[in-house]
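Have a look at the structure first.

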Amino acid sequence: MDADFLIPVLWEWLEFAVRWLHVITAISWIGTSFYFIALDLGLRKISANEDGIAHENGIAGEEWQVHGGGFYNIKKYTVAPSHLPEHLTWFKWEAYATWISGFALMAIVYYLGADIFLIDDNKMAMPIYLGIFISITSLGITWIIYDVLCKSGIGKSSNLTMVLLFGYIVVLAWGFDQIFTGRAAFIHLGAVTATIMAFNVFMVIIPKQKIVIAALKAGETPDAHYGFVAKQRSTHNNYLTLPVLFLMLSNHYPLSFSTEYNWIIASIVFLMGVTIRHYFNTIHARKGNPIWTWFATLGLFIIVIILSVYPAFKGNMNERAEITISQANLTKKQAELAKAENFDEIVEIVYTRCNMCHAAEPYYDGIVIAPKHVILETELDVLKHARQIYVNSAISHAMPPANLASMEIAERILIAQWYEKN
Ligand code: HEC
């Protein structure tokens, strides 16, 4: 079997497999993290014998839970139990595996596919290796800035830290949008935030927990400061979770990432993360029912919707610089596809069968923005998206959806031959 067929097929399946893994690990991480936050907030301080059960000393609170046919009695010790149990279940691989699989997925989609997904020549032309370098560096730098902030005097004020962190996120959202495609800008904002979260577990929460355990084993009283630091970081993680999920899903919705004010939209999402989490945190702590948070969330969401379509803002949203094939950075494969004898014919097929939806200004009824922001209206677009066109309309018949554009089998075969033979 030849490579021109095998590579796109394996690429597609590798991406799917890693995405599957990433979603599974993320569910486990967020699941345990939400569970423990709710548990912690909901612990009841029951005085001894109130429920007829004697209580040990040093218990901060407990909760009775019923799940899957069993009853569970969970107790939390203020700092640590008087003697360490032999078996201790740790929760860390959920976080590590989510970060590792997420980074792998980012590499597959945005580094291997950098020419269409990471770098936008209309915004800022740069060689692929530079784009990848900026991407990786941004993850490291953000972690360092955040960590220094938390450890500084400012870190003692939880609210001030959050406000400064938010300011940084807004700057970052704007900055990413200046250098990367809108889609990559959103993913990167999500990825740096998720890196903060995973590194909080890896570099702070787990190491501090180990220090506490070592102290206990040595018969010493652990420093309560470690508890404070771990709590601070897990509170940040709690508020950052929902925005990260939004950003990770955003690539399906071009109105979010490829409109003029996308960076403001991304920033507002972080505020919605706070209003939504605040509701659940309050409920779980049994401190009331702050319905106002839902109105705040709805208000923010409406602002997001307006920002994505407000005509006055739409201005140059669809402006694309004219870049000719000779000016563009093409891969060897793409250059060969451009030289193919029947290239003109392929371009014609794409124009007639795809263009009504995949254009800067689609004219298919009900489509207001190019789906997934895949725009196919120049020869260069066709070359840059060649692999996707091949996978979506030649190997599979995913496109046009329900064959709305009446694409003929002969045309699919032509695309397959064009891609495989060049
Ligand atoms: C009737 C409108 C319409 C036509 C015509 C159409 N598409 Fe699409 N295309 C869509 C929609 C809607 C989506 C988003 C699907 C989704 O959300 O999974 C999409 C998604 C895509 C994607 C992104 C797939 C992904 O998962 O990243 C590619 C690539 C694509 N289309 C290529 C084509 C090609 C090539 C043609 C012509 C042969 C074509 N489309 C014709 C509506 C259309």
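## Ground rules

This is a predicted model, so to speak of local features takes pLDDT of at least 70, side-chain atom pairs count only at pLDDT 80 or more, and totals for chains, interfaces and linings use all residues. Residues are numbered from 1 along each chain as its sequence is written, and side-chain values use heavy atoms, with hydrogens and water left out.

## Helix H6

H6 covers residues 182-217, 36 residues in total; helices here are DSSP runs of H or I, at least four residues, numbered from the N terminus. From first C-alpha to last, H6 reaches 51 Å, close to the expected 52 Å (1.5 Å times one less than its number of residues). H6 also bends by about 35° at Asn200, the angle being between axes fitted to the seven residues ending there and the seven starting there.

## H6 against H9

The axes of H6 and H9 (residues 262-284) come within 10 Å and cross at roughly 25°; axes are lines fitted to C-alpha atoms over the stretch in contact, with angles from 0 to 180 degrees between N-to-C directions. H6 and H9 are therefore roughly parallel (angles under 35 degrees). Gly182, Phe186, Leu189 and Thr193 of H6 meet Asn262, Ile265, Ala266 and Phe270 of H9, contact meaning heavy atoms within 4.5 Å.

Technical notes: Helix = DSSP H or I, 4+ residues; strand = E, 2+ residues; numbered from the N terminus. Parallel < 35°, antiparallel > 145°, perpendicular 65-115°, else oblique.
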